[in-house]
Amino acid sequence: MDTTSDAAQSLPGDFAIWVFIFAELMVFGVLFSAFAFARATHVELFDISQLTLNRSYGFANTLVLVTSSYFVARATQSIKSGNGTLCGHWLSGALGLGVLFLALKLMEFHQDFAHGITLSTNLFYMFYLSLTVFHFMHVVMGEVILSVVAYKAYTGRYSAENHAGVETGGSYWHMVDLVWIILFALVYVIH
């Protein structure tokens, strides 16, 4: 019995996306570990700097991404039931929420820069901006992926029998959401 192919078959979507997701999670894991190490060696700086962040933006963006992941899960359910149009509608909702996330993040970045926060301000802000900009780029990539998947759903290229593309795009989007939840907790909340 080939357990590798069994494992690959049990994962939703294309196996290649899981290799990519694993690699991305490792990169974020290294960055989160470096943040935690730096925080442990500069506790007071990190605590004081963290208090200047706008947690309202962070919390709102968390709600936005969690809701968008719910929409993606509903899109997957819809296509498994053979309803490509409804799948497309749910994906369009997730795309709209992704745009809202990006807009809120840009507003937060604008506020940060207006207050003189840059990569060179201090170690905390270097990590904060690096992590959030890196995540921002992943959301942009997710928007591109979900746009293609939504287009294909609307044009009938997926069905109840052939929906791996929806699962592949959805898996990537869920990874982006998971990383944000960890980032939000680590950077905005945990003191």
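Select helix 4 and helix 5 together. Their axes cross at roughly 165° and come within 8 Å. Helix 4 and helix 5 are therefore roughly antiparallel to each other. Two terms need their cut-offs here. Axes are lines fitted to C-alpha atoms, for helices over the stretch in contact, and the angles run from 0 to 180 degrees between N-to-C directions. Under 35 degrees counts as roughly parallel, over 145 as roughly antiparallel, 65 to 115 as roughly perpendicular, and the rest as oblique.

Stay on this pair. Helix 4 passes helix 5 in a left-handed crossing. Left-handed means that the near helix is turned anticlockwise from the far one by less than a right angle; clockwise would be right-handed. Colour the contact by class: 19 residues are nonpolar, 7 polar and 3 charged. Ala, Val, Leu, Ile, Met, Phe, Trp, Tyr, Cys and Pro count as nonpolar, Asp, Glu, Lys and Arg as charged, and the others, Gly among them, as polar.

This is a predicted model, where local features need pLDDT of at least 70 and side-chain atom pairs count only at pLDDT 80 or more, while totals for chains, interfaces and linings use all residues. Residues are numbered from 1 along each chain as its sequence is written, and side-chain values use heavy atoms, with hydrogens and water left out.

**Zoom out: the whole chain**

Show the protein chain as a cartoon. It has 7 helices and 0 strands. Helices (H or I, at least four residues) and strands (E, at least two) are DSSP runs, numbered from the N terminus. The C-alpha atoms fill a box of roughly 55 × 40 × 20 Å, taken along the principal axes. Of the 191 residues, 42% are buried. Buried means under 20% relative accessible area, exposed over 50%, and partly exposed in between (1.4 Å probe, protein chains only). Now consider contacts between residues at least 6 apart in sequence: 81% of them join residues at least 24 apart. Contact means heavy atoms within 4.5 Å.

**Ser68, on helix 4**

Select Ser68, in helix 4. Ser68 has a relative accessible area of 0% and is buried. Beyond residues up to four places away in sequence, Ser68 touches Ala94, Leu97 and Trp173.

**Phe101, on helix 5**

Next, pick Phe101, which lies in helix 5. Its relative accessibility is 0%, so Phe101 counts as buried. Show its contacts, leaving aside neighbours within four places in sequence: Asn61, Val64, Leu65, His135, Val139 and Trp180. Then draw a distance from Phe101 to Gly58. The two are 43 residues apart in sequence and 9.7 Å apart in space, C-alpha to C-alpha.

**Helix 5 against helix 6**

Helix 5 and helix 6 pack at an angle of about 160°, with axes 9 Å apart. That makes helix 5 roughly antiparallel to helix 6. Helix 5 passes helix 6 in a left-handed crossing. Their contact divides into 21 nonpolar, 9 polar and 4 charged residues.

**Helix 2 against helix 6**

The axes of helix 2 and helix 6 cross at roughly 165° and come within 10 Å. Helix 2 and helix 6 are therefore roughly antiparallel to each other. Helix 2 passes helix 6 in a left-handed crossing. From helix 2, select contact residues including Phe20, Phe28, Phe32 and Phe35. From helix 6, residues in the contact include Phe124, Phe127, Phe134 and His138. By class, this contact has 14 nonpolar, 2 polar and 1 charged.

**The largest nonpolar core**

Which residues have the most contacts inside the largest nonpolar core? Select Phe35, Leu91, Phe124, Tyr128, Val187 and Tyr188; the core has 50 residues. At least two core residues come from each of helix 2 (15-41), helix 4 (55-80), helix 5 (84-114), helix 6 (123-154) and helix 7 (164-189). A nonpolar core is a set of buried Ala, Val, Leu, Ile, Met, Phe, Trp, Tyr and Cys residues joined through side-chain atoms within 4.5 Å.

Centre on Tyr128. Not counting residues up to four places away in sequence, Tyr128 touches Leu53, Lys105, Glu108, Phe109, Asp112, Val187 and Tyr188.

Go to Gly170, in helix 7. Gly170 is buried, with a relative accessible area of 4%. Gly170 and Leu146 are 24 residues apart in sequence and 7.6 Å apart in space, C-alpha to C-alpha.

Finish on Val140, in helix 6. Is Val140 buried or partly exposed? Val140 is partly exposed, with a relative accessible area of 36%. From Val140 to Leu31 the distance is 20 Å in space, C-alpha to C-alpha, and 109 residues in sequence.
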